[in-house]
Amino acid sequence: MNSLAPEIVVVGGSAGSVSIIIQLLEQLPETFPFALVLVIHRQKSVPSEMDKVFGFSSKMRVIEPNDKDFVVPNRVYLAPQNYHLLLEQDRTFSLDYSEAIHYSRPALDPAFESAADVYGPRAVGILLSGANQDGSQGLAYLVQRGGRALIQDPQSCEFPAMPLAALQVVSQAEVVKPADLNNRLFSL
Amino acid sequence: MSDGIDILPHEIDEIIQVIREQYGYDFMDYSRASFTRRVKHCMQRAGLKTMYELRYHLINEPSFFVWFLQTLTVNVTEMFRDPAFYRQLRDTVIPRLASYPIIKIWHAGCATGEEVYSMAIILKEAGLLDRTRIYATDINPANLEKARKGIVPLSAMKEYTANYIRSGGTEDFSSYYEAHPDHVVIRPDLLQKVLFSQHNLVTDQVFNEFQLICCRNVLIYFNKNLQNRVLHLLYDSLVPLGYLALGMKESLLFMEIRPEFEGVSEASKIFRRKH
């Protein structure tokens, strides 16, 4: 494992992850040196207040980035509905409307993968509770590119399928209990 | 990617070069992250493992390129995608268009036509379709061929019907198509005023003047340079006070052309050419 300070932290979650993310945001310090990017499986055509729900927890604005917005540290981003979220070499977000992956758009795999391509060892991927296989491939790729992976302890998950699938292919990942998540993240 | 296909940035440059020199399509200023994903997607579908193989096929098999181009571009679309946008269109833009004797609309990057069908339905309901001409263009000829037929998979209709209702539609949605066992066909009279033709936003020029241009979720595949260039082209294709509709997460904010537009709906990303 490397000891470089993370520049980007991508958190991927699905069913059962929202309460964990709220807790993560509630315990977030006022300043942190990386961009925190939340990618969550969400419905696509109905109005969503998820950004406001998370904003309330973190006491800071949660931004649903527009295409080609700059990625800025000390900010919390939420992948918008109905797009895949990608990262570009010039540290901007890029949105993509290609096919759903694992029935999801946004999907976790492309976000992890493109973060790995751009940030390499300065990328951290966190995979939370969920009921399908999304995120495994992307997290494996992120680790292969020198990044670090944290996976929610399946025993603590409402829906453990996603973490279990990831643990099968990302042997270097660290298993973390929700209560330890913030401590672990900020000691990287 | 853990599916075994690994692409280095300079290899993507080489592929782009081959395509440009041999076939005249220029992907240099496409958004690199999604373009790379698309190339991997093509390689996976074709069963190619290395960039060497991909280059070989591109150079030696023009028929492979035809397939590659069709698969490379993102052709995903929906009817009444983002119902809130269509509601805004009905409420704000369409009534203004009614004042023109002939209404001209351009769908730039129409993919397989679902948004064009949606527009035709809205115009029909506003009583304006008869004096409208819709130009629907795409880079991908296979998309246009599909779009002309008006065929939509039946499996998508439940969602599209819900979208239609959320967009403020009050008619019986099924009256707009003929149902078959696994697909529906959009009523031909809805497409009578639509002209589908090939146009490449990267290399082609202004070809007409429009009161409304829909270019939704097309610019996301371009880098900022190319976005700037294409926005100039779109601006030049609008009449003064003409409308430009972008995707819900596309912004003019950092674009050179921004001062020439005023916002009509910030949430739905509808803009208007100032003068």
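Helices H3(A) and H4(A) are roughly parallel to each other, a class that takes in angles under 35 degrees, with over 145 counted as roughly antiparallel, 65 to 115 as roughly perpendicular and the rest as oblique. Their axes cross at roughly 10 degrees and come within 7 Å. Axes here are lines fitted to C-alpha atoms, for helices over the stretch in contact, and angles run from 0 to 180 degrees between N-to-C directions. Helices (H or I, at least four residues) and strands (E, at least two) are DSSP runs, numbered from the N terminus. The model is predicted: local features need pLDDT of at least 70, side-chain atom pairs count only at pLDDT 80 or more, and totals for chains, interfaces and linings use all residues. Residues are numbered from 1 along each chain as its sequence is written, chains are lettered from A and ligands numbered from 1 in the order in which they are written, and side-chain values use heavy atoms, with hydrogens and water left out.

On the H3(A) side, the contact (heavy atoms within 4.5 Å) involves Asp109(A), Phe112(A), Glu113(A), Ala116(A) and Asp117(A). H4(A) contributes Ser136(A), Gln137(A), Gly138(A), Leu139(A), Tyr141(A) and Leu142(A). By class, five of these residues are nonpolar, three polar and three charged. Ala, Val, Leu, Ile, Met, Phe, Trp, Tyr, Cys and Pro count as nonpolar, Asp, Glu, Lys and Arg as charged, and the others, Gly among them, as polar.

In chain B, helix H1 (residues 9-23) meets helix H2 (residues 32-46) at roughly 75 degrees, and the axes come within 11 Å. H1(B) is thus roughly perpendicular to H2(B). Pro9(B), Ile12(B), Asp13(B) and Ile16(B) of H1(B) make the contact with Arg32(B), Phe35(B), Thr36(B) and Val39(B) of H2(B). This contact has five nonpolar residues, one polar and two charged.

Helix H5 of chain A spans residues 161-169. Its buried residues (under 20% relative accessible area, with exposed over 50% and partly exposed in between; 1.4 Å probe, protein chains only) are Met162(A), Pro163(A), Ala165(A) and Ala166(A). They lie on the same side of H5(A), because they cover an arc of only 160 degrees around the axis. The arc is that of the directions from the helix axis to the C-beta atoms. The cover over these residues includes helices H3 (108-119) and H4 (136-144) of chain A. Strands E1 (8-13), E7 (123-127) and E8 (148-152) of chain A are also among the covering elements.

A cis peptide bond, with omega of about 10 degrees, joins Arg105(A) and Pro106(A). Pro106(A) sits in the loop between strand E6 (93-96) and H3 of chain A. Lys68(A) is not a glycine, yet its phi is positive, at about 70 degrees. Lys68(A) belongs to the loop between strands E3 (62-63) and E4 (76-78) of chain A. Lys68(A) is buried, at a relative accessible area of 4%. Ala111(B) likewise has a positive phi, near 50 degrees. The loop between strand E1 (103-108) and helix H6 (114-125) of chain B holds Ala111(B). Ala111(B) is buried, at 7% relative accessibility.

Zero disulfides (pairs of cysteine sulfur atoms within 2.5 Å) are present over all chains. For Cys42(B), the nearest cysteine sulfur is that of Cys110(B), 19 Å away. Cys42(B) is buried, with a relative accessible area of 1%. For Cys110(B), the nearest cysteine sulfur is that of Cys215(B), at 11 Å. Cys110(B) is also buried, at 5% relative accessibility.
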